[in-house]
Amino acid sequence: MDKKLISIFFLFIILVSVMVSYSYFNQSTTEEKQYDGSTETINDEDIVNEIDEIFLGEDDEIEIGEMV
């Protein structure tokens, strides 16, 4: 009975260590992909302007009936 408990505990430790190492290596590659190396700072106004340009151009018009 003791050998079964020890082997289950040992397998549990191996499983946890594999999960932690996978999480660590997966997280570090994700962070590298998100950083593009740009030194330009982005503020809220830039984000709002970009969203406005995507959804509605300067010469596009929306009538009330189209919104409903």
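**Note on a predicted helical model**

1. The protein has 3 helices and 0 strands, where helices (H or I, at least four residues) and strands (E, at least two) are DSSP runs numbered from the N terminus. From that end on, the elements run α-α-α.

2. This is a predicted model, in which local features need pLDDT of at least 70 and side-chain atom pairs count only at pLDDT 80 or more, while totals for chains, interfaces and linings use all residues. Residues are numbered from 1 along each chain as its sequence is written, and side-chain values use heavy atoms, with hydrogens and water left out.

3. The pLDDT, the predictor's confidence in each residue from 0 to 100, averages 75 over the protein, and 62% of the residues score at least 70. Where pLDDT is low, the predicted coordinates should not be read in detail.

4. Of the 68 residues in the protein, 0% are buried, a word that means under 20% relative accessible area, with exposed over 50% and partly exposed in between (1.4 Å probe, protein chains only). The protein exposes about 7,200 Å², and carbon and sulfur atoms supply 61% of this area, computed by the Shrake-Rupley method with a 1.4 Å probe.

5. The count of aromatic pairs comes to 1, for rings of Phe, Tyr and Trp (its six-membered ring) whose centres lie within 6.5 Å, with planes under 30 degrees apart counted as stacked, over 60 as edge-to-face and the rest as tilted. Tyr-24 and Phe-25 form this edge-to-face pair, at 5.4 Å centre to centre and 70° between the planes, and both residues are exposed.
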